[in-house]
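Visitor: Could we go through the side-chain contacts of this model together?
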Amino acid sequence: MLLPDNNQTTDQLRRAAPTDEFTAQQISANNLSQMPPTGPTMDHLDALEAQSIYIFREAFARLKKLALLWSLGKDSNVMIGLARKAFFGRVPFPAMHVDTGKKFPEMYAFRDRYGKEWELD
């Protein structure tokens, strides 16, 4: 995500102040397409996140049985985070952890704590 520089934003606001010479004709539909974006722009990671959220929602809408494997590793934790974001904080399908018995005790504590906190099935 691109964050504006405070000095740059202030300068843009000063330049954008209305003047006597400003007319409605200057903001025609043709001119809007040539204007630089003024709001926050979507960078590559934002686009990938939006696409992932879309895939989660489509899968949930189209598939009868859906589950998410949760190994407690970094990748599956990101997937849980994306699923929570896609469904506004509540994952509407089960998150399944296959217990091999070979994890560190802290990982089991992590699973138990966040499984309850995030209301995972």
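Guide: The conversation below covers aromatic pairs and salt bridges. This is a predicted model, in which local features need pLDDT of at least 70 and side-chain atom pairs count only at pLDDT 80 or more, while totals for chains, interfaces and linings use all residues. Residues are numbered from 1 along each chain as its sequence is written, and side-chain values use heavy atoms, with hydrogens and water left out.

Visitor: How many aromatic pairs are there?
Guide: The search of the whole structure gives eight. Rings of Phe, Tyr and Trp (its six-membered ring) pair if their centres lie within 6.5 Å; planes under 30 degrees apart count as stacked, over 60 as edge-to-face and the rest as tilted.

Visitor: Why is the pair of tryptophan 70 and tryptophan 118 tilted?
Guide: Their planes stand at 40°, so the pair is tilted, with the ring centres 6.4 Å apart.

Visitor: Are those two buried or exposed?
Guide: Tryptophan 70 and tryptophan 118 are both buried, that is, under 20% relative accessible area, where exposed is over 50% and partly exposed in between (1.4 Å probe, protein chains only).

Visitor: What about phenylalanine 87 and phenylalanine 93?
Guide: They form an edge-to-face pair, 5.9 Å centre to centre with 90° between the planes. Both residues are buried.

Visitor: Changing topic, how many salt bridges are there?
Guide: The count is six, a salt bridge being a side-chain nitrogen of Lys or Arg within 4 Å of a carboxyl oxygen of Asp or Glu. One of them joins glutamate 49 and lysine 85 at 2.7 Å, N to O.

Visitor: How exposed is lysine 85?
Guide: Lysine 85 is partly exposed, at 46% relative accessible area.
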